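Hello,

Here is the structure I promised to pass on.

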Number of protein chains: 2
Amino acid sequence: MDHHTEIEIHGNSNPIQISRLALDIGGSLIKLVYFSRNSGDDEDPLNDSVGVSNAVNGRLHFAKFETTKINDCLQFISANKLLLGGFQHQENFSNDRNFIKATGGGAYKFSDLFKEKLGIRLEKEDEMDCLVTGANFLLKAVNHEAFTYLNGQKEFVQIDHNDLYPYLLVNIGSGVSMIKVDGDGKFERVSGTSVGGGTFWGLGKLLTKCQSFDELLELSHQGNNRVIDMLVGDIYGGMDYSKIGLSSTAIASSFGRTISNNKELQDYKPEDISRSLLRMISNNIGQISYLNALRFGLKRIFFGGFFIRGHSYTLDTISVAVHFWSKGEAKAMFLRHEGFLGALGAFMSYERHSLEDLVVNQSEQLQVDASSGTDKNCNPLKGDLNETESIQCSVYRA
Amino acid sequence: MDHHTEIEIHGNSNPIQISRLALDIGGSLIKLVYFSRNSGDDEDPLNDSVGVSNAVNGRLHFAKFETTKINDCLQFISANKLLLGGFQHQENFSNDRNFIKATGGGAYKFSDLFKEKLGIRLEKEDEMDCLVTGANFLLKAVNHEAFTYLNGQKEFVQIDHNDLYPYLLVNIGSGVSMIKVDGDGKFERVSGTSVGGGTFWGLGKLLTKCQSFDELLELSHQGNNRVIDMLVGDIYGGMDYSKIGLSSTAIASSFGRTISNNKELQDYKPEDISRSLLRMISNNIGQISYLNALRFGLKRIFFGGFFIRGHSYTLDTISVAVHFWSKGEAKAMFLRHEGFLGALGAFMSYERHSLEDLVVNQSEQLQVDASSGTDKNCNPLKGDLNETESIQCSVYRA
């Protein structure tokens, strides 16, 4: 597990109404979202320290595993008693549910494994549905969730809840899904591409000796794509092709320089290969996203999925691609909890199914206050957004 | 030189009005188009064997070289006396021009080299302009030029000259240009992608031990991309994701399977890698092309450039991509002389500049009759379209 973040949450006091563990099992990664009650809080279930009755305070945790290491994930769930909904202090708490919510293709693929190893049923939730629910939740409920990246600067975007829709949600996992979102539960998957995170990691693994996605991503920092890519200037003898607005430094052909000499793979630096690959894929996703946003007149594109990881070069390439192709008309925005949209959506589906009478439109009843304490999160613009973090939240009942 | 085709042509008898050699010097390939007078024809310059006066009969030849082997190209031009316009029988023919028409970035990059080695100036013609001129010429003047590829079958398309425009021209060279064509000389480069032929060859060269583009393309015939790509079924445990119309055999993530085990590059078959790469790039180009055609309401997309080479898997992937994404609304079409659009355009620019008074709208004054002789070209549906071929043509003056 190499990624772990938390949201502190004040939930409803009735254990049956508390969401617990939810999973998003993708082609490359398993994402977990789970709730744990604050220590000591179980002695005072009707905690109203923030002026709210019927609330249980706790934290939402985020964790991930590689899908190939699913046994580590099963072990983690078991060791942390996550099937008890995080209420590990209540030894006599009866597990009233024999299922956990799960989304992603692995919810189907690994169904039997969960039954066998943990004795639990995976209740499957639709993947696109979960992505949209998760994104809508984050955009409405969490301050400082969405940000733009321009000229090397992250800038948080204040989301107007009344002017959120429609938008294009681009989830970059192993592959890429592009979803036009018109409201809560109102969406259509309009496009996608197979050139995604799995392509970066797969091709990168073949071309370099990297042992992990993060190592490959890290390498790209030191790389120079000019060694690998054929630029307009390489073709035009150093000149721009100004008539059609292509500068001499624009990439004419990704990996195109590797055709033009007698070098072999080992003659190239892995850093340069990684950077070129990242640029190619990020740019391609940015372009296809823009073209789909254009089709439907969408001005805002939110990018999620575990490909990005707050990586500055990726953020920059996608932002520049959207800006370039749209001539500044469309805007690329990113989500701090980018990788957990599907898992969050699955997590929230507990509420949707069991509390429909109480929670008509759940997202709009959620308010999350960023803490204004002394920890680093009170100014989220500082520090790496993808590091462990904690946002204090309060969930109110209607 | 590994590609050579010819069009037999009856041209204007005045040597000064006969186009000769023209070049398109791209990032990977140099394309040549040149005219040679039929042997014996020089004794009867006013040949009217097809009922046309003031005509010189001859052939248009097509040839290509790798850009890195430009010296071979210079040698070829020199050895074949191409600077004499193919009139090598007329030893006393005075070379009245000290330039040759050239397009592509290499016309700038290698300008000095041509001056130094051949004593000739390259007169530069705009690349997009030449692509469009070449495509319009072929579409209007050459029968059996355009074809579709569906269910493994090539089918020639009869072009209605009055209903040709607008169309999207997608030229797949090292990189890809997408041009909206509204008429002769009326066009706009609306998009492009750096993921093109140079990417296929560059990445393919790094990943396999192939020594040429054609070898890599050939390899893909025997390959199986399922070993390399992550399919929807790989994620969903063999199931379709039917709710959004993705079958279990759809590619979820190109190269995505190579992340999921401990194999290294040498453990994969080059055939499989080649096929996966070809599929990824062809599909991506098909998708971006379709999205651009959609923007402008273009129903027809013509694909050219030396990436395709009449290769059935490429034709199929692009066709299926356009069909899939457009839900059958748009049609992918291919050009038999796909690789020579730019060179043909440069060739025709001799006329455009020197004969403007005579040839107001040159393309529409050209008529080309496919020969109905006994050679294989009378039924061009048989045989490999990309092999050496000859189409008998007549060029009429206005």
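Let me start with a question: does B:R309 count as buried or exposed? Please keep in mind while you look that this is a predicted model. At 12% relative accessibility, B:R309 counts as buried, since the cut-off for that label is under 20% relative accessible area. B:R309 sits in the loop of chain B that runs between β14 (300–304) and α9 (312–325).

You will find B:N151 in the loop between β7 (146–150) and β8 of chain B. Here the accessibility is 74%, so B:N151 counts as exposed, the cut-off for exposed being over 50%.

Next, the cis peptide bonds. In chain A, one joins A:Y165 and A:P166, with omega about -10 degrees. A:P166 lies in the loop between β8 (153–156) and β9 (167–172) of chain A. In chain B, the peptide bond from B:Y165 to B:P166 is cis, with omega near -10 degrees. B:P166 is placed in the loop between β8 (153–156) and β9 (167–172) of chain B.

Now to how the two chains are arranged. Chain B superposes on chain A through a rotation of 180 degrees with 0.0 Å of shift along its axis, and the RMSD is 0.0 Å. The two copies are thus related as by a two-fold rotation axis. As for the interface, 100% of the interface residues of chain B are interface residues in chain A too, so the copies meet through the same surface.

Finally, do look at helix α5 of chain A, residues 197–207. Of its 11 residues, 11 are buried, so this helix is largely enclosed by the rest of the structure. Among the buried residues of α5(A) are A:F200, A:W201, A:K205 and A:L207, along with glycines such as A:G197 and A:G202. What covers them? From chain A, the cover includes β9, α6 (213–220) and α8 (270–295). Chain B contributes too, with α5 (197–207), β13 (251–253) and α8 (270–295) included in the cover.

Happy browsing, and write back whenever you like.

Best wishes

Key: Residues numbered from 1 in each chain as written. Chains lettered and ligands numbered in written order. Predicted model: local features only at pLDDT ≥ 70, side-chain atom pairs only at ≥ 80, totals over all residues. Heavy atoms only, no water. Least-squares fit on C-alpha atoms with pLDDT ≥ 70 in both. Contact = heavy atoms within 4.5 Å. Helix = DSSP H or I, 4+ residues; strand = E, 2+ residues; numbered from the N terminus. Buried < 20%, exposed > 50% of the residue type's maximum accessible area, 1.4 Å probe, protein only.
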